[in-house]
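Colleague: Could you walk me through the side-chain contacts in this one?

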Amino acid sequence: ESIFNKMAKSFGRSMTSISDGDSNFQNSDNCNICKTKFNVVKNRRHHCRFCMLSVCNSHSLRRYPVNKNSLSDLVRICDNCYHQAISEEILNEIDIEISRK
């Protein structure tokens, strides 16, 4: 199973809902990472396409492919989910290397 599917399942979602733009986003007044208050001028609210939480631009600069075989389907992902995805990729690569030995 791909990392993308595992992450989607961990948030109770499917890859289809992530790529099609799920409308069940959380609408917080503050960034869920740094707690900075959102406003319309300087600090706009964005939504991570994996965890669906509200995050500021500073904590959602990364894009991640929905489909690992196609880099054209990149979605906004928060720093927390990005680090989780990268960690999962590294662990999967280690498992593959171990199984080859």
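What follows is a short exchange about ring pairs and a charged contact.

Modeller: Ground rules: this is a predicted model, where local features need pLDDT of at least 70, side-chain atom pairs count only at pLDDT 80 or more, and totals for chains, interfaces and linings use all residues. Residues are numbered from 1 along each chain as its sequence is written, and side-chain values use heavy atoms, with hydrogens and water left out.

Colleague: How many aromatic pairs does the structure hold?

Modeller: Rings of Phe, Tyr and Trp (its six-membered ring) pair if their centres lie within 6.5 Å; planes under 30 degrees apart are stacked, over 60 edge-to-face, the rest tilted. Phe-50 and Tyr-64 are 6.2 Å apart centre to centre, with 75 degrees between the planes, which is edge-to-face. For Tyr-64 and Tyr-82 it's 6.1 Å and 85 degrees, so that pair is edge-to-face too. The number of aromatic pairs is two.

Colleague: Is Tyr-64 buried or exposed?

Modeller: The cut-offs are under 20% relative accessible area for buried, over 50% for exposed and partly exposed in between (1.4 Å probe, protein chains only). Tyr-64 has 4% relative accessibility, so call it buried.

Colleague: Which residue forms a salt bridge with Arg-100?

Modeller: We need a side-chain nitrogen of Lys or Arg within 4 Å of a carboxyl oxygen of Asp or Glu. The closest N and O atoms are 3.0 Å apart, and the partner is Glu-97.
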